[in-house]
Amino acid sequence: MSFGRLERNPGAQPMSEINVTPLVDVMLVLVVIFIITAPLLASSIKLDLPRTDAAKPNEAPQFVTLVVDRAGQAFLNDQPVSRVQLDQRLRQSAGLNPDTEVQLRADEAVPYGRIVEVMGIAQKAGLNRIGFVADTPPTGRP
């Protein structure tokens, strides 16, 4: 009866070398990180600023809401205004804060010419920051 072979082949030998590829990858990533962050750390200037009650953090920028409905009627902050009133009130807003933003909401049916006219009034009044407000489409509609 034979229970085994007499010849024994040595199995796979253990690897005695170190794989340096992962080490090189990690080192390159660290070098890139240091190259990017070193100039940022070197250029920062540490200061102890004096304190005063007059220094206040900047407030959030002001905005006015300008709505043009389907009929072409303009509403400034939810109040109907004529072309002359719109010009006067926008000039007042620009005089108080020239960085005031105009948030323009217009119906889809309003002619392009009316929108350009309203934008022109705002720009002539000194308000150059104009944002267009739109709704997101309902789900399932592009």
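## The loop between β2 and β3

Let's start with Asp-78, which sits in the loop between β2 and β3. This is a predicted model, and in it the phi angle of Asp-78 is near 65°, a positive value in a residue other than glycine. Is Asp-78 buried or exposed? Its relative accessible area is 66%, and a residue counts as exposed when that value is over 50%, so Asp-78 is exposed.

Asn-77 belongs to this loop too, which runs between β2 (74-76) and β3 (79-81). Asn-77 is not a glycine either, yet its phi is positive, at about 50°.

## The chain as a whole

Now step back and follow the protein chain from end to end. How many helices and strands does the protein chain have? There are three helices and five strands. Starting at the N terminus, the order of the elements is α-β-β-β-α-β-α-β.

The protein chain has 142 residues, and 18% of them are buried. Here, buried means under 20% relative accessible area.

## A nonpolar patch on the surface

Next, have a look at the surface. A nonpolar patch there is formed by Ile-18, Val-20, Leu-23, Val-24, Val-26, Met-27, Leu-28, Val-29, Leu-30, Ile-33 and Phe-34. Together these residues have about 1,100 Å² of accessible area.

Leu-30 lies in helix α1, which spans residues 21-43. Its relative accessibility is 36%, so Leu-30 counts as partly exposed.

## The largest pocket

Finally, let's turn to open space in the structure. Rolling a probe the size of a water molecule over the atoms shows where empty space is left. The largest pocket has a volume of about 190 Å³. Which residues line the largest pocket? They are Leu-104, Arg-105, Ala-106, Asp-107, Ile-115, Phe-132, Val-133, Ala-134 and Asp-135.

Strand β4 (residues 101-106) gives the largest share of this lining, with three residues. Sorted by class, the lining of the largest pocket has six nonpolar residues and three charged ones, but no polar residues. Among the lining residues is Arg-105, and Arg counts as charged.

How values were computed
Residues are numbered from 1 along each chain as its sequence is written. This is a predicted model: local features need pLDDT of at least 70, side-chain atom pairs count only at pLDDT 80 or more; totals for chains, interfaces and linings use all residues. Side-chain values use heavy atoms; hydrogens and water are left out. Patches are made of residues with over 30% relative accessible area and no salt bridge: like charges are joined within 9 Å, nonpolar side chains (Val, Leu, Ile, Met, Phe, Trp, Tyr) within 5 Å. Accessible areas come from the Shrake-Rupley method with a 1.4 Å probe; for residues, only the protein chains shown count as cover. A salt bridge is a side-chain nitrogen of Lys or Arg within 4 Å of a carboxyl oxygen of Asp or Glu. Helices (H or I, at least four residues) and strands (E, at least two) are DSSP runs, numbered from the N terminus. Buried means under 20% relative accessible area, exposed over 50%, partly exposed in between (1.4 Å probe, protein chains only). On a 1 Å grid over the protein atoms alone, a cavity is a set of points where a 1.4 Å probe fits but cannot get out, and a pocket is an open set with protein on both sides within 12 Å along at least five of seven lines; lining residues have an atom within 4 Å of a point. Grid points are joined across faces, edges and corners, and a volume is the space filled by probe spheres set on the points.
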